[in-house]
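Open the model in your viewer and keep the selection tool at hand. The tour moves from one selection to the next.

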Amino acid sequence: MPLGGSARLRCTGCAAAMGYDPLAKFCPWCGKPLVAERPAPGALRVRGRGVWAYSRVLPLGRGVTLGEGGTALVQAGRLGEALGLGRLYLKNESLNPTGTFIDRGVAVDVSVAVELGYRRVVAPSLGDYGVSVAAYAAKAGLRALIFTPRSVEPNKLYQVVLMGGKVRLLDTYTDCVEEAVRYSERYGYYLSLPSSHTVLDGYKTIAYEILRDLGETPGYVVVPAGDGALISALHLGFQEARRAGLLEGELPRLVAVQTEASPVIAMRVLGREIRGAHETLAKDLLVANPLMGDYAVRAIRETRGTAVVVSDRDIVRAMHLLARHEGIVAEPSSATAVAGLARLAGEGLLDSDSSVVVVVTGSAFKDPVLLKRVAEQDREAGRELSALEEGERVGETKLRILEILAVGGEAHPYRVWQTLRRVYGSGLKPATIYQHLKQLEARGLVVGKRVGRRIVYRLTGKGRSVVEKYRESLEG
Ligand SMILES: [Zn+2]
């Protein structure tokens, strides 16, 4: 069977239909992206789990795989309770090979490149897309070249480079898309674009998996939106599933959540101007010209869905909510969806009897520095962190000395040494304890006072607060 099988392509702008071509990325008449349409796939035989289980509705029967798809759909009881939603589910896409739903699309796209005999692939990336392309290119033995904005998280670049990819830094994401297109035309690279129909076909499998694992059509599906590719792909998937008889009646209402820094799709859905920060923690959503914007807006309207705009503060709060209630550490872009859900639930805009599925698009493990910043912004997590760091700087013996002084009030060094030996079984020499006390005094944690021929030490306010923080963190 030729690539694409019986699929045709349709323009997301002027709606023109054309024959299937895996290399066609944009409409020859109006320049907008294309989607693949398939006639009713008939009885869809699904074997196993994962993206390739749905090969009947993909451009090719099998391809490069790192085990993408087949992610867990978990009921989020505690988060649902916190938000007043009885049937909340999380589609945990952070379980994909590089930690993001993007792997589904890139697995299919890179497989198409391999099938067509390409040796090199070029892609624009805001961060995660490039990591995924580098991973699948490495697996397939292809060279990957990634164009990415300078503002990208360095950790994501390290991963690309580690997997043998090459990276070029440009100013904006729009520059990156244009440069990738030029490069593919000039140097014969396979062009992997997040809006390609071959990529959307992979993303689409999320819709099939939700239907299969939930056993019903969800009332709402909530996703973060940057370029609009994911929400468009879900719409394609649910429509196709309906043609295949896997979904009856209305499609789920699709809800797009965007950041204040990049609310283009939401502005069109809501029909009003939205202004906010220019920067956002959710870097993967920072898209000035969403390629799939037209389709995404239509999909939201057609399904009677909506759009929500959230701030970085909302996103950080959502990261805490998700981590604390469901044990999922999501990256800011995915937490954006939870932030939007919290907003809608708080305003009573969701039908609380309906089932709601939130797509947690990716994991935060790619960016440890960010995790620390986010933890610091939570009162409890922040306290735990500072106690940890303080304790680490002070060291174990010194912490014990501070404890002894906190319990016993004043003490001279010999007494401290005795207690350490008796209570903690410490084998340190008295001279070492003198040293520790001198160092603690130099740091303002204890103060020594001469009494007769001996020096007696007691805690300072600062020393007391170190001990208290340490105790609190142990007691939780
Ligand atoms: Zn067109």
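This is a predicted model: local features need pLDDT of at least 70, side-chain atom pairs count only at pLDDT 80 or more; totals for chains, interfaces and linings use all residues.

**Stop 1: H11 and H12.** Select residues 312-326 for H11 and 332-346 for H12. Their axes come within 8 Å and cross at roughly 95°. The two helices are therefore roughly perpendicular to each other. Now show the contact residues. From H11, these include Asp314, Ile315, Arg317 and Ala318. Across from H11, the H12 side includes Pro332, Ala335, Thr336 and Val338. The contact of H11 with H12 divides into 10 nonpolar residues, one polar and three charged.

**Stop 2: H15.** Select residues 396-408. At 1.5 Å a residue, these 13 residues should span 18 Å, and the end C-alpha atoms are 18 Å apart, which agrees. Colour Lys398, Ile401, Leu402, Ile404 and Leu405: they are the buried residues of H15. Look down the axis: the buried residues of H15 fall within an arc of 155°, so they line one face of the helix. Glu396 and Val407 are exposed on the other side. Step just past H15 to Gly409, where phi is positive, at about 70°.

**Stop 3: H16.** Select residues 413-424. Which residues of H16 are buried? They are Pro413, Val416, Trp417, Thr419 and Leu420. Down the axis of H16, they fall within an arc of 165°, so they too line one face of the helix. Turn to the face away from the buried side for exposed Tyr414 and Arg422.

Conventions:
Residues are numbered from 1 along each chain as its sequence is written. Helices (H or I, at least four residues) and strands (E, at least two) are DSSP runs, numbered from the N terminus. The expected span of a helix is 1.5 Å times one less than its number of residues. A residue is buried if 20 or more other C-beta atoms lie within 10 Å of its own, exposed if 12 or fewer, and partly exposed in between; C-beta atoms are placed from the backbone. The arc is that of the directions from the helix axis to the C-beta atoms. Axes are lines fitted to C-alpha atoms, for helices over the stretch in contact, and angles run from 0 to 180 degrees between N-to-C directions. Angles under 35 degrees count as roughly parallel, over 145 as roughly antiparallel, 65 to 115 as roughly perpendicular and the rest as oblique. Two residues are in contact if their C-beta atoms, placed from the backbone, lie within 7 Å. Ala, Val, Leu, Ile, Met, Phe, Trp, Tyr, Cys and Pro count as nonpolar, Asp, Glu, Lys and Arg as charged, and the others, Gly among them, as polar.
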